[in-house]
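Good morning, and thank you for coming. I shall go through one structure today, beginning with a single term and then moving from individual residues to the chain as a whole.

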Amino acid sequence: MKTAIIGAGVGGLAAAIRLAAKGIEVTVYEKNLTPGGKIARLQSGGYRFDTGPSLLTMPQLAEELFILCGEHMKDSIPYRRLAINCKYFFPEGGTFTFYHDRRQLITEMRRAAIGDPDAVLRRLETSADVFELSAPVFLFSNFHRLSNFNSPPYKKIARKLYKLDFLRSMHGANSRDFSDDRLVKIFDRYATYNGSNPYKAPATLNMIAHLENNIGAFFPEKGMFSIVEGLYGLALRQGVKFRFGDPVKSIVIEDRAAVGVESAHGEQRYQIIISDVDVKYLARNLVKSHPLKNRLERSGPSSSALIFYWQINRRYPQLDLHNILFSSDYRAEFDALFKRADIAGDNTVYIFISSKAVPGDAPQGCENWFVMINVPSDTGQNWDGMIARARRNIIDKIDRTLDTDIEKHITGEQIASPVTIEHNTSSAGGALYGAASNSPMAAFLRHPNMLKGIENLYFVGGSVHPGGGIPLCLASASIVCGEIFDKLRVDE
């Protein structure tokens with residue numbers, strides 16, 4: 001049984017490992033020269049940057065892959081739970097540190113005089129309940145297989161559908177549950193974890209807070225790219241073959257079934273093909289008659305990102321590993337992003353400094369700053385002008401918040417934008433998560449992991465069910481491989 005996987009992102013690597021562990025022959029085609037997809041790294045002047053995702057949640061999903069192969073994840077990817085999930089800075093002044101430990105969290109809430117601790121604890125408990133109810137259905141099973149609707153998890157969720165709170169927006173639920181606008185912003189922020197708008201996304205997505213604040217926020221001891229290195233090494237040890245710098249030009253379809261791939265080296269035949277590329281890119285370029293192409297074109301894209309990788313020649317002890325500098329008008333920020341495909345004048349700024357956890361990521365006495373704002377996907381905007389304007393506004397915000405002159409301390413800079421993200425990862429318009437989840441029906445409309453119209457073709461990664469981010473990409477691989485193993489048993 002020969003399998004081709006298109007794309008060596010986290011979803012593709014995970015699928016390759018699961019299949020190879022069962023003795024299936026796997027070849028991975030990757031257009032870039034290294035694995036990782038959106039998880040990459042930059043190195044310059046003694047500084048190292050993780051370029052993509054900066055947070056690890058649900059590490060047990062990655063651990064499953066090592067267990068399948070008789071290994072231990074921490075031997076390849078040592079990691080730890082963070083004591084501080086994130087540090088928040090507010091435009092009106094003041095800070096708030098979200099600790100993982102409940103006692104520290106309550107003490108910090110009282111210090112910052114930020115709302116009612118009981119309200120936050122109730123929300124975290126509710127988030128856990130919603131996750132436990134919905135995850136078996138929406139995250140860890142093939143949601144688009146009708147036979148699954150007769151299983152116990154689906155029957156259970158049907159009886160308790162009201163608990164999902166999908167008819168209200170995240171912001172609607174948060175503004176009801178929290179009297180302090182600062183807490184509303186903190187919990188609204190979780191919509192951005194899948195590139196959505198908290199004023200439109202269903203309140204069901206408030207369960208994301210459970211992953212970070214109940215289970216915990218984790219970080220690899222060698223940085224985020226070590227996740228890719230660990231999974232790639234595991235795949236090699238299982239006999240997976242990689243063809244780097246060999247982009248797939250098309251998927252060969254015969255009699256409504258995928259039978260091979262065509263690359264620069266010609267056509268190769270396979271019994272199974274798994275795509276780990278953006279589905280909109282695939283529908284436009286790799287498959288002539290994608291059954292869902294029209295629906296994909298109509299779907300609203302998720303947000304993208306504008307990222308500055310700054311070499312900073314001093315340290316800022318008031319900052320932590322993960323930091324958020326909130327905008328003064330959160331709604332205006334999302335209106336600009338999703339209604340006008342523009343960048344607001346005042347944006348929430350995320351600063352990730354991996355050298356806080358991995359000292360070797362910056363020279364002694366220095367820091368590596370990953371400075372990001374959410375921006376719209378590329379639709380032909382004047383990005384040179386937008387980037388220059390956004391950079392000025394970001395620097396002004398950092399200077400006001402930290403009482404500094406950050407420009408004087410930037411000794412090197414690289415930039416990622418929707419244009420470069422699309423070029424490097426083939427994500428349509430640079431959208432980080434495929435389609436946005438800005439409606440109550442978003443989970444139902446997400447691209448499935450398999451298609452009725454094309455046999456033997458499967459889909460993993462952040463643009464398909466169950467969604468974007470490292471844990472959900474890993475979950476997509478588990479779903480797809482489960483479907484493949486079931487099919488092989490039936491065929492036998």
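Predicted model: local features only at pLDDT ≥ 70, side-chain atom pairs only at ≥ 80, totals over all residues.

Is His-447 buried or exposed? Buried means under 20% relative accessible area, and His-447 counts as buried because its relative accessibility is 3%. The side chain of His-447 is in polar contact with the side chain of His-290, at 3.1 Å. For a distance across the chain, take Pro-35: it is 412 residues from His-447 in sequence, and 24 Å separates the two C-alpha atoms.

The next residue is Arg-123. Its place is in helix H5, which covers residues 117-138. With a relative accessible area of 6%, Arg-123 is buried as well. Which residues does Arg-123 touch, once those up to four places away in sequence are set aside? They are Ala-173, Asn-174, Asp-177, Phe-178, Phe-187 and Asn-206.

I turn now to backbone geometry. The peptide bond that leads from His-465 to Pro-466 is cis, and its omega is near 5 degrees. Pro-466 belongs to the loop between strand E20 (454-459) and helix H17 (470-491).

Met-58 is not a glycine, yet its phi is positive, at about 45 degrees. Met-58 lies in the loop from strand E4 (47-50) to helix H2 (60-68). Asp-403, also a residue other than glycine, has a positive phi near 50 degrees. Its loop runs between helix H14 (383-402) and strand E18 (410-416).

Strand E6 spans residues 84-89, and five bridges join it to E7 in an antiparallel arrangement. The hairpin of E6 and E7 has five residues between its strands, and in it Gly-93 adopts a positive phi near 105 degrees.

What is the order of the strands in the open sheet? There are seven, arranged as E7-E6-E15-E16-E17-E14-E18, with mixed pairing. E7 and E18 stand at the edges with a single partner strand each, so one side of each has no neighbour in the sheet. From one strand to the next, the twist averages 20 degrees. Despite that edge place in the sheet, strand E7 (residues 95-99) is mostly covered, since four of its five residues are buried.

A further pair involves strands E1 and E2. Why is strand E1 (residues 2-6) described as largely enclosed by the rest of the structure? The reason is that four of the five residues of E1 are buried. Strand E2 comprises residues 25-30, and five bridges join it to E1, the two running parallel. One of these links pairs Ile-5 with Val-28 in E2.

I shall finish with the chain as a whole. How many helices and strands does the protein chain contain? There are 17 helices and 20 strands. Along the principal axes, the C-alpha atoms occupy a box of roughly 65 × 55 × 45 Å. For 492 residues, a compact globule would have a radius of gyration near 23 Å, and the 22 Å of this chain agrees with that.

As to burial, 59% of the 492 residues count as buried. The accessible surface amounts to about 20,200 Å², and carbon and sulfur atoms contribute 50% of that area. Finally, among contacts with a separation of 6 or more, 70% are between residues 24 or more positions apart.

That concludes the presentation, and I welcome your comments.

Technical notes:
Residues numbered from 1 in each chain as written. Heavy atoms only, no water. Buried < 20%, exposed > 50% of the residue type's maximum accessible area, 1.4 Å probe, protein only. Polar contact = N/O pair within 3.5 Å; in protein donor to acceptor, adjacent residues only side chain to side chain. Contact = heavy atoms within 4.5 Å. Pairing = 2+ DSSP bridges. Axes fitted to C-alpha atoms, helices over the stretch in contact; angles between N-to-C directions. Rg over C-alpha atoms; globule rule 2.2 N^0.38 Å. Areas by Shrake-Rupley, 256 points an atom, 1.4 Å probe, with all protein chains shown as cover.
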